[in-house]
Amino acid sequence: MDTRGGFSSRLGFILAAAGSAVGLGNIWGFPTQVASNGGGAFVLVYIFLTFLLAYPVLMAELIIGRSAQSNIVTALEKISDSQTSFYPTFTKKISRGVGFWGVLTASLILSFYAIVAGWMIAFALAPIANLLNMPYLADWLTSFSVSRNLLFCILFYLLTISIVQKGVRAGIERWSRRLMPILLLMIIVLIAYVATLEGAMAGWSLYLKPDFSRVFAPELLISAMGQAFFSLSLGVGTMLIYGSYISKKENLPVLGVAVTFVDIGIAILAGLLIIPAMFVAEHNGVEIYTKTGQLLSEDTLLFSVLPALFSSMDLIGYFVAIIFFMLMTIAALTSSISMLEVPVALAVERHNTARKKATWIIGLIIFIVSICIIYNFGALFGLIITITTKYSEPLIGLLLCVFVGWVWRRDLLLKELKQGFNHAETSIFWLIWPFYVRFICPLIITVVFYNSIM
Ligand code: TRP
């Protein structure tokens, strides 16, 4: 046995990978994008692109990771070692570049993610402050300020670091397994409650009736593609490193399907909660759209709509609010640990740093980036989200497809897939997927980019 950690069971992996996938992207990002991109049309395109693009890329990451048993940089190098090109050193340099680009993207994603996650903590505490008759405190907790953003961002980093430094089983797996199921239950109960309120129907109809004329809008397509990649934690090496912790006995395509379904399922459910809740809030006088139909404030939508909803519930609303935002914090935590794991695994495996030390140092560095964002919020926050999630992730996803489809030797790829999947060679998966990542995925991603730039 080597000393690498690994997930203890199939369920352990599914919950950890689903924990990574399910996060602010599903519950904050997805409904916001739905609302600002015309409702049902976005939902439709998003589901379509998830199966068409994100699932194949997820499989690429899982297979690369489990085969190489290492972080993204080392893994891509190993793949280019196995090939027979005329320019092996050149391919190797590229693979290192792509790997580091992924690690950098993962770190930048954490830098903004931790800020939003900090808001969740603050919003979980605000109702407590209210219950204790401290309205000033509650007010500070729920209004935008540098001091609040900083404090709760720090708190969230401390939580993330303390889990990651413990490693795969005791840290990542244990917490994902405990917390994911509670979140699901909570969302379902809230959907049922919101559905009974006045105004909710308008939300349901916006959400479930696609406006087909908008389906091919370039802006909608690129947003949906970015969202599909972000939501499945793709294109930065997160799923690749989680893949490296999966046992060789597991059937990878099946695991991938399970994670994809959980992720889409939670996003759709979150939409069923948030979109009707928006309309309920609007019905109660909270302003959501401007006169021209733009969402009033994209990044803070959740934070005006949900508290308005909870306060409509009287006393019980306080407790629902506390639990909901606590669960959001937790969902964010099972995602943030998967982001931090990317640079940490690199430092541990390539530079022989002790895990604990690596986690603290890297966590601190990324926190400094967050501080810069907090002090220049208007200029940096949206910019970093756009660069990392809309552009970097799909582009790296494209390059990973190229690695699997063009660089990796086909026989080695099949050999890896066959572990835990004896009949891989004669399966539909093997019939479609290799061709698919070779030609179709790169093509679709390129077309979507081309469309949105032209
Ligand atoms: N998928 C998570 C969400 O929806 C966020 C996330 C976790 C992520 N790890 C990632 C996004 C790696 C991109 C890359 O909230």
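Modeller: A salt bridge is a side-chain nitrogen of Lys or Arg within 4 Å of a carboxyl oxygen of Asp or Glu. Keep that cut-off in mind, because this model is predicted and every label here rests on a rule like that one.

Biologist: Why is the pair Arg-409 and Asp-411 called a salt bridge?

Modeller: The N to O distance is 2.9 Å. The limit is 4 Å, so the pair qualifies.

Biologist: How many salt bridges does this rule give?

Modeller: The count comes to eight. One of them joins Glu-77 and Arg-350, with the closest N and O atoms 3.2 Å apart.

Biologist: What makes Glu-77 and Arg-350 a tie between parts that are apart in sequence?

Modeller: Look at the helices. Glu-77 lies in helix H4 (residues 72–82), and Arg-350 lies in helix H14 (residues 315–350). The parts are 273 residues apart in sequence, so the pair ties them together.

Biologist: How do you know whether Glu-77 is buried or exposed?

Modeller: Its relative accessibility is 10%. Buried means under 20%, so Glu-77 counts as buried.

Biologist: And why is Arg-350 called partly exposed?

Modeller: Arg-350 has 30% relative accessibility.

Biologist: Now the core. Which residues have the most contacts inside the largest nonpolar core?

Modeller: They are Phe-13, Phe-310 and Phe-324. The core has 170 residues. Helix H5 (residues 88–131) gives the most to it, with 19 residues.

Biologist: What does Phe-310 touch, leaving out residues up to four places away in sequence?

Modeller: Phe-310 touches Leu-190, Gly-317, Val-320, Ala-321, Phe-324 and Phe-325.

Biologist: How do helix H13 and H14 pack?

Modeller: Helix H13 (residues 301–311) meets H14 at an angle of about 145 degrees, and their axes are 8 Å apart. H13 brings Phe-303, Leu-306, Pro-307 and Phe-310. H14 brings Gly-317, Val-320, Ala-321, Phe-324 and Phe-325.

Biologist: What classes of residue make up the contact of H13 with H14?

Modeller: Eight are nonpolar, one is polar and none is charged.

Definitions and conventions. Residues are numbered from 1 along each chain as its sequence is written. This is a predicted model: local features need pLDDT of at least 70, side-chain atom pairs count only at pLDDT 80 or more; totals for chains, interfaces and linings use all residues. Side-chain values use heavy atoms; hydrogens and water are left out. Helices (H or I, at least four residues) and strands (E, at least two) are DSSP runs, numbered from the N terminus. Buried means under 20% relative accessible area, exposed over 50%, partly exposed in between (1.4 Å probe, protein chains only). A nonpolar core is a set of buried Ala, Val, Leu, Ile, Met, Phe, Trp, Tyr and Cys residues joined through side-chain atoms within 4.5 Å. Contact means heavy atoms within 4.5 Å. Axes are lines fitted to C-alpha atoms, for helices over the stretch in contact, and angles run from 0 to 180 degrees between N-to-C directions. Ala, Val, Leu, Ile, Met, Phe, Trp, Tyr, Cys and Pro count as nonpolar, Asp, Glu, Lys and Arg as charged, and the others, Gly among them, as polar.
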